[in-house]
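Please have the display open while I talk.

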Amino acid sequence: MFTVLISCKKVLDEPAQGVVSSEDLGTPENIDKMVIAAYSALGNDHYTSPYSSMWPYGSVRGGDTYKGGDGPGDLSEFHLFETFSLNRVDNPLLDQVWFRLYVGIGRANDALKRVNEISDVDFPKKAERQAELRFLRGHFYFLAKILFKYVPYLDENMEKTTYNTISNRALPDAELWAKITDDFRAAANALPESQAESGRVSKFAAKAYLAKVLLYQAYEQGEDHQVTSINASKLEEVNALADEIIASGKYSLTTDYANNFLATTQNGPESIFAIQYSKDDGTPKGRLDYGHALNYPMNQEYGCCGFNIPSHDLINAFKTDVNGLPQFTTYNNVDVAANLDFKSSTFDPRMDHTVARPGAPYKYKTNFIFQRSWSRAPAIYDSFASMKETVLPEDPSFQKVPPFIGSSKNWEIIRYADVLLWKAEALIELNRSLEALPLINQIRNRANTSTALLKMADGSATSNYNVQLYQPGVNSDWTQAYARAALRFERRLEFATEGYHFFDLVRWGIASQTMNAYFEIEKRRVAHLNDARFTKGRDEYFPIPLNQINFSSGLYKQNNGW
Amino acid sequence: MKRIFLFFVLLLSAVGWSFGQVRPLSGTVTDKASTALEGVTVNVVGTKTTTMTDQNGQFRIEASTGQSLKFFYVGAEPVTFPIDASTRNVNVQMDISSNKLEEVVVTGYQTERKKDITGAVNVVDVADIKDIPTGNPTKALQGRVPGVLITTDGSPTGGATVRIRGIGTLGNNDPLYVIDGVPTKSGLEQLNQNDIESIQVLKDASSATIYGSRAANGVVIVTTKKAKNGFSKVDVNASTSIQNYATKLKTLNAEERGRAYWLAAVNDGANPNNNQIYQYDWNNDFTNPVLNRVLLPEFIDAAGTMPPADTYWYDEISQQSIIQSYDLSLSNGGEKGNSLFSLGYYDNKGIVKESHSQKYTARFNSDYKMLNNKLTIGENFSASYIKNALIPASDILFASLVQQPIVPVHTIDGGWGGPAAGMTDRQNPVRLIEDNRDNKSYFFRLFGNAFANYDVLPGLTFRTSIGIDYNGTYQRTLKKSYTSGFLADPANQVFNGQVYQGNIIWQNTLNYKLEKGKHSVEFLAGHEYIRNINQEFSASRQGLALENINYAYLNAGSTNTLNGGSGAAYALLSYFGKVNYVLADKYIASVTLRRDGSSRFGAENRYGTFPAFSLGWRLSEEAFIKQLDFISDLKLRYGWGRSGNQDIPDNASLSLYSAIYGVDPTWDFDRGSAYDINGGGTGQLPSGFTMIQQGNAALKWESLQESNFGVDFGLFNNKLTGSFDYFIKKTSDILISPAFLAVLGEGGNRFINGASLQNKGLDAIISYDTKLNDDLSLNLTGNFSLYRNKVTYLPKEVLASYPGNGTDKTILGRAVNSYFGYVADGLFTSQAEVEAAAEQPGKGLGRIKYRDLNGDGIINDQDRDFIGSNSPRYAAGLNVSLNYKNFDFSFFLQGLNVNVVNDFKTYTDFSSLWTGTNWGSRTLDAWSPSNTGSSIPALTLVDRNNEGRFSTYFIENGSYLKLRNLQIGYNFKKAFNMKIQNARMFVQGSNLFTIKSKSFTGPDPEIPNYGFPVPVVGTIGINVTL
């Protein structure tokens, strides 16, 4: 009787509101938008577990910086990274960064599957977009690889229903590397030499990333993460790729080192691959660099949150000797960071591009002097700040996102200086050290000439600078061992606080000795490192997050030592 | 479904009627208080002619002169009324004092006498809660109904959480509310408490299943007041209350904060003067440190605007304030129709400054009889308008704990004080209040139905009802620019948003009652259709020239123009039928069948069928019990039923993408899919699509099966009455969206029917009612309930998303909300103990010792185990009321036995977890070589021992016993010569005292962490009925 009143079939057909199904995304226009969505994963970085910025994993763990913040309890997960000995398999932020990387991989795979299925006729950019997506996927896998070593590899041809059958050990170390290099090789083959849209990756960006990935692979590791051999053919390929990039003439070192860390000069000649951030773009707060949102000082102009504080060790490393060269082994003997004496010794100017210290201008602004009161917990982390990732309050890219601080300044993943030093590194390990010399000196020369912005209000130099080039037989003895030490030190200074130092140490096989030596001295300076200890054969990589082992019902295997 | 209807049609045609040759009589039966009695049996003595009174106490019967009518009502002495030639109207009063079993109860599209009820149903004594000025009837019910756990806080705007018989599902556990027959999932906070005539709680599936789809968490039935035929009256209630913030958390003052910092630094062997605020005059001897004086700077900021203060932030943000409550109701009942009109106003200024809430309510309930009283057309309609403050109360309360006392409220030039160097980056809570005081939300809700009842044939009634439950919220807020210590935001912003949502509910029922000799049968068949829509939009702009709420409209903004909006919809379609059968008032049976369809499930699984039955045996009607004088009433009940749950997002069965241009990533990762591919750094961006979920076409109804065993009794002429119920509730196919293997990436979340839960428990209520003499009567009502809850099944692949280690220690067999963590085994008190203990990074004197559960000599994640749950062990309540002449006195005690997680210990007990915040006074009693009896870890600035890890250190006994209400009233109606029906004055207090466990270290275990504190309230008020 009531059934005639309402036809039950129809009334329960409520169309979904405000969403779209997978089938509706198959048009060329929407497929192109899915490529944008994959790029967008680069910019979705976040301070809780960054991945476009690697500071908690590469700078904090590499001894460049302390975690900072209010104390060990503030983002305590990073404190566990910093001390190694306290890190745990159930550290929730490990699980989170793992997930975020697979979000990026997932977006690339999703778009790639769609691009593969559409014809060239309907989608003339097919090959180019495939190459871009493989670059992006390679990037996310590379990060997962250097953080976790063994990760499950999933590509666009696998059904999601089979994902739970793929172990993180399905591919041995070398094969997993090979998958990642395959993506960059494919990208390098199909990408155009330059892109009208500067956010899109180009052929040389892919070649540069390929060189980076090959360089990491060249130092072959055993199950205990120790370097067992160095693969010369891979080094040769690194060298060749670097040559191609150099020969292209598309890139050069910026005249002033500072230009790599200013929004006004972003996407400049040195930038090979950078995360593009934006503001006033119609999104609620702007697509800002949230990976560094905690890394500003605690003053009224900023106000949050005092993370990523340069260590004394790093600051001391910028000290140069009477010859204007770094002090490879003795730099830490005098703690200039403790006595804040930057006049009686000499320093590499890159220090004042990298480190904010009491009494010195913050970010090149002569009437904006960093104060001890700007630091958050000086009793624990002392009173310095990192500056490469920050911008001035009046910079057009600056954007407060209370309580945090953001900017639309791009973040460099690969700059040309890296290419030069990879080539130098490959040459040194190929026992062609002398060929590496001009490359390293090119970097040092640029450092030496980058002092225009490092001035006090009265025009005097912020610190006492002295950087000289390596002159074999004059101020140095350019053996392979010496060249290796010089290269490694140069990388640390050039890329200080940029997020990859720890991964350099692991690649070189010296993480354990370097970090334990660092802790031995540094813990006498700051109390929070008291229990820090690097366990050789374990701490080179994070553990596979316990959650993932559990979710895979034990299919995933834990890393050595965990 | 068609079969059921056919069955009814056949049944109707099989029944015939006989009509006598006598004259019609009508009348009304009331109790001594002139309240109409429904369900009184009226019998013409010596014949089989019998009828029952309706809800207005009215009856019609045919009899001849010389016969007598006899009125039966259980628990009351029968009344005989002889009929003479002049008798037209028969008005009878019956004495039903001390007879709660006789109430008529709404139990699901129909009414039943309580004595016929076979499910687990509690009737709330609305009179007990009538004058409690909580602004939300649900809050006033806290602890009064066994098996119903209500948790709430002291916010003037705050709702209450209602959990009936444990945690039955892993999603939404809110019950269904049925207000005047209209179902809704919104609570009662928008109602005028004094409009409520009665509240019933249907706790078990056998009684709730008739409400089907959304009844699995229990049903709260609310009936609002109607005018009564033949009565017209005016009710006025007014009360004013004063409320206070009862117990504030004890934090350090400025000097103590300095001292605690010094202690912590000295314990670390660190220079205490290496901080930016406090300096110390001390002996510089770390082995035997002596502090002479804490030195305060002239200003705490470099700019010299903030001299050191000694601010107790809780005092600055709180206030003694007023609650006002007024309502007026006019009702008029007549032969042809009844109408009631009421207005209410409730105003609560809150114990946190500017947490003001105002509620305006209006109700119009009316019905009109026509076609010889065969047709009744009526409506129940209420409108509520609520204006709520939009201050960020939880931020304010938290900031009051963590903001340092040395920070002044204002700078010397009248600006805002705020955190200085080295302090936590939390806001000045007073600024949060002041800068948001003009920001309000405006909420309206229209709720009610229009209905028609038609008596098709005697005993056969058709009812149709169109209900509406629609609400809207409008917000316009201004975020002001500010500078407060090192926190500053130069940008202002106006935000404007509107949300509209609601249901249309169409119900049709056919009800047939038949009495034949010893048999009484009632049939119900019905249909219900619900459609819900939800839509919202919002916009904001920045760059306002004036920071004034009267200026702050969107048009006034000039920069950063943003907008957003979304919508959702679902529909439910249901058919149901019920048969109640009573044999000789002794044997009772009831069968229910309901079939529900929901648009949320895939096409194949849209419908679920939910049956129930219940049986009752009124032992007291049996001869062998009747011999026992002390038993006045005794009934055994058993019920079984299944009910459903569809509480998942509207599109949960579909795989979907969303165009997410941008989200606010302040607190969480951006899920957006736009990217600055041009490298321009600004302007409109190209954007893609984000996968938001994986579909599951096989998704189906979650279902709950419950068995209920009950006994109702009345002893000693019903002086002592009560009920005991034992239940076993099993929920299966629970709709969950478990965490998933991370490689699935974004949108890997997917709803499945994936878990089973079991709840077992009992609830009991006992009431003792006695009249000691004509002037003095006493009622004691106690209730007690407990339940035990456990997870009985989870698919292996989702186990890891619940507490446990994912392998050998899992949630299976444990309470849903179990805690998993380390066992804190006290503090290390000697170096020998430190050395003997398992390897534990950071262990040391005065540090927390964690137990090596697996005995492998090292403390790591393998040493975690289940360390309790938040399920209450039991809950109890006791209401005592005493009437002496014109005085009434009552009080109500409520208790709960439970463990809670006291997260605030992070701040009250540790100087190391958040070094820049203020800390609790407890830190002054921390362990030290000279204070070895303390259980509070030694002060340090560096948390080397990872003491913030979740452990038993943070779990405390949160049990409490509260005096919820104490009330004294005096009725002075006799003082007036006018025809005043009632004139009562009362004073009462709420939450007057709390007894808590000594081991609970916070101020109030009811609000162990971040909630709005429950105030102590004193009220004076009047009730007048003209």
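Let me start with R88(A), which is buried at a relative accessible area of 17%, where buried means under 20% relative accessible area, exposed means over 50% and partly exposed lies in between, with a 1.4 Å probe and protein chains only. Its partner D90(A) also counts as buried, at 17% relative accessibility, and the two side chains meet in a salt bridge at 3.0 Å from N to O. By salt bridge I mean a side-chain nitrogen of Lys or Arg within 4 Å of a carboxyl oxygen of Asp or Glu.

Before going further, some housekeeping: this is a predicted model, in which local features need pLDDT of at least 70 and side-chain atom pairs count only at pLDDT 80 or more, while totals for chains, interfaces and linings use all residues. Residues are numbered from 1 along each chain as its sequence is written, chains are lettered from A and ligands numbered from 1 in the order in which they are written, and side-chain values use heavy atoms, with hydrogens and water left out.

Over all chains, the structure holds 90 salt bridges. One of them joins D183(A) and R137(A), with the closest N and O atoms 2.9 Å apart. Because D183(A) lies in helix α7 (residues 173–190) of chain A and R137(A) in helix α6 (residues 126–148) of chain A, the pair ties together parts that are 46 residues apart in sequence; helices here are DSSP runs of H or I with at least four residues, strands are runs of E with at least two, and both are numbered from the N terminus. Both D183(A) and R137(A) are buried.

A further salt bridge brings the side chains of E429(A) and R484(A) together at 2.8 Å, N to O. Since E429(A) sits in helix α14 (residues 416–429) of chain A and R484(A) in helix α16 (residues 480–494) of chain A, this pair ties together parts that are 55 residues apart in sequence. Here E429(A) is buried, with a relative accessible area of 14%, whereas R484(A) is partly exposed, at 24%.

Which cysteines form a disulfide? They are C304(A) and C305(A), whose sulfur atoms are 1.4 Å apart, a disulfide being a pair of cysteine sulfur atoms within 2.5 Å. The link of C304(A) and C305(A) is right-handed, with 75° about the S-S bond, and both cysteines are buried.

Turning to nonpolar cores, each is a set of buried Ala, Val, Leu, Ile, Met, Phe, Trp, Tyr and Cys residues joined through side-chain atoms within 4.5 Å. The largest has 254 residues, and those with the most contacts inside it are F135(A), F142(A) and Y362(A). Leaving aside residues up to four places away in sequence, Y362(A) touches, among others, Y296(A), F368(A), F370(A) and W374(A), where contact means heavy atoms within 4.5 Å.

Finally, the contact between the chains takes 111 residues from chain A and 110 residues from chain B. Chain A and chain B bury about 9,100 Å² between them, 59% of it on carbon and sulfur atoms; buried area is the accessible area (1.4 Å probe) that two parts lose on being put together, summed over both. Seven salt bridges are found across this interface of chain A and chain B, and E746(B) forms a salt bridge with R107(A), the closest N and O atoms being 2.7 Å apart.
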